[in-house]
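Biologist: I would like to learn how to read helix packing and a nonpolar core from a model. Could we work through one together?

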Amino acid sequence: MGTLVVSDDKSKLDIVRIHHFLTTQSTWAKGIPLATVERSIDHSVCIGAYLDELQVGFCRIITDQATFANLVDVVVWPEFRGQGISRRLMEAVSAHPSIQGVRRFTLATFDAHGLYQKYGFTSLNKPQTFMEIYRPDIYADAQ
């Protein structure tokens with residue numbers, strides 16, 4: 001493995017690569033339009049992981065940088081998994097100035113509970129107090 005660089009510099013992001021993964025390989029954003037991905041990146045703190053200039057990982061933090069943050073779109077491309085990249089992304093997330101001092105930091109995960117627990121995430125303290133509007137097929141008609 002080459003040298004892994006983790007950065008919150010949005011100018012380094014390979015937005016086409018991110019969009020391709022999200023729209024074709026993710027379980028949560030199938031069919032998402034490129035314009036939606038671009039807008040989400042514009043309005044989030046983004047962290048990319050790069051091996052020799054090739055983007056191999058990505059995540060976004062949606063935050064007001066004072067009281068609340070939500071971690072989303074955590075991606076390590078399949079051919080680069082098992083090399084500690086998700087751990088490096090999470091170290092960068094945990095140290096990022098935008099989340100220091102926030103009262104609540106959330107995420108949703110289907111199968112990576114063990115990874116996130118290492119960084120202090122737990123099941124919801126009071127799940128009965130949380131509500132959502134969930135539209136799983138919102139991108140189906142966007143194409």
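Biologist: At what angle do helix α1 and helix α2 pack, and how far apart are their axes?

Modeller: Two packed helices are described by the angle between their axes and the distance between those axes. This is a predicted model. Here α1 (residues 15-24) and α2 (residues 34-42) pack at about 120 degrees, with their axes 10 Å apart. Their crossing is right-handed.

Biologist: Which residues of α1 and α2 meet?

Modeller: From α1 come Ile15, Ile18, His19 and Leu22; they meet Leu34, Val37, Glu38 and Ile41 of α2. The residues of this contact comprise six nonpolar, one polar and one charged.

Biologist: Which residues of α2 are buried, and why do they line one face of the helix?

Modeller: Thr36, Val37, Ser40 and Ile41 are the buried residues of α2. Seen down the axis of α2, the buried residues fall within an arc of 135 degrees, so they line one face. Their cover includes α1, β2 and β3.

Biologist: In the largest nonpolar core, which residues touch the most other members?

Modeller: That core has 34 residues, of which Ile18, Leu22, Ile61 and Ile85 touch the most other members. Among the elements that each supply at least two residues of this core are α1, α2, β3 (54-63), β4 (68-76) and α3 (85-95). The largest share, six residues, comes from β2.

Biologist: What is Ile85 in contact with, leaving aside neighbours within four places in sequence?

Modeller: With those neighbours set aside, Ile85 is in contact with Leu4, Ala49, Val56, Val76 and Phe80.

Conventions: Residues are numbered from 1 along each chain as its sequence is written. This is a predicted model: local features need pLDDT of at least 70, side-chain atom pairs count only at pLDDT 80 or more; totals for chains, interfaces and linings use all residues. Side-chain values use heavy atoms; hydrogens and water are left out. Axes are lines fitted to C-alpha atoms, for helices over the stretch in contact, and angles run from 0 to 180 degrees between N-to-C directions. Helices (H or I, at least four residues) and strands (E, at least two) are DSSP runs, numbered from the N terminus. A crossing is left-handed if the near helix is turned anticlockwise from the far one by less than a right angle, and right-handed if clockwise. Contact means heavy atoms within 4.5 Å. Ala, Val, Leu, Ile, Met, Phe, Trp, Tyr, Cys and Pro count as nonpolar, Asp, Glu, Lys and Arg as charged, and the others, Gly among them, as polar. A nonpolar core is a set of buried Ala, Val, Leu, Ile, Met, Phe, Trp, Tyr and Cys residues joined through side-chain atoms within 4.5 Å. Buried means under 20% relative accessible area, exposed over 50%, partly exposed in between (1.4 Å probe, protein chains only). The arc is that of the directions from the helix axis to the C-beta atoms.
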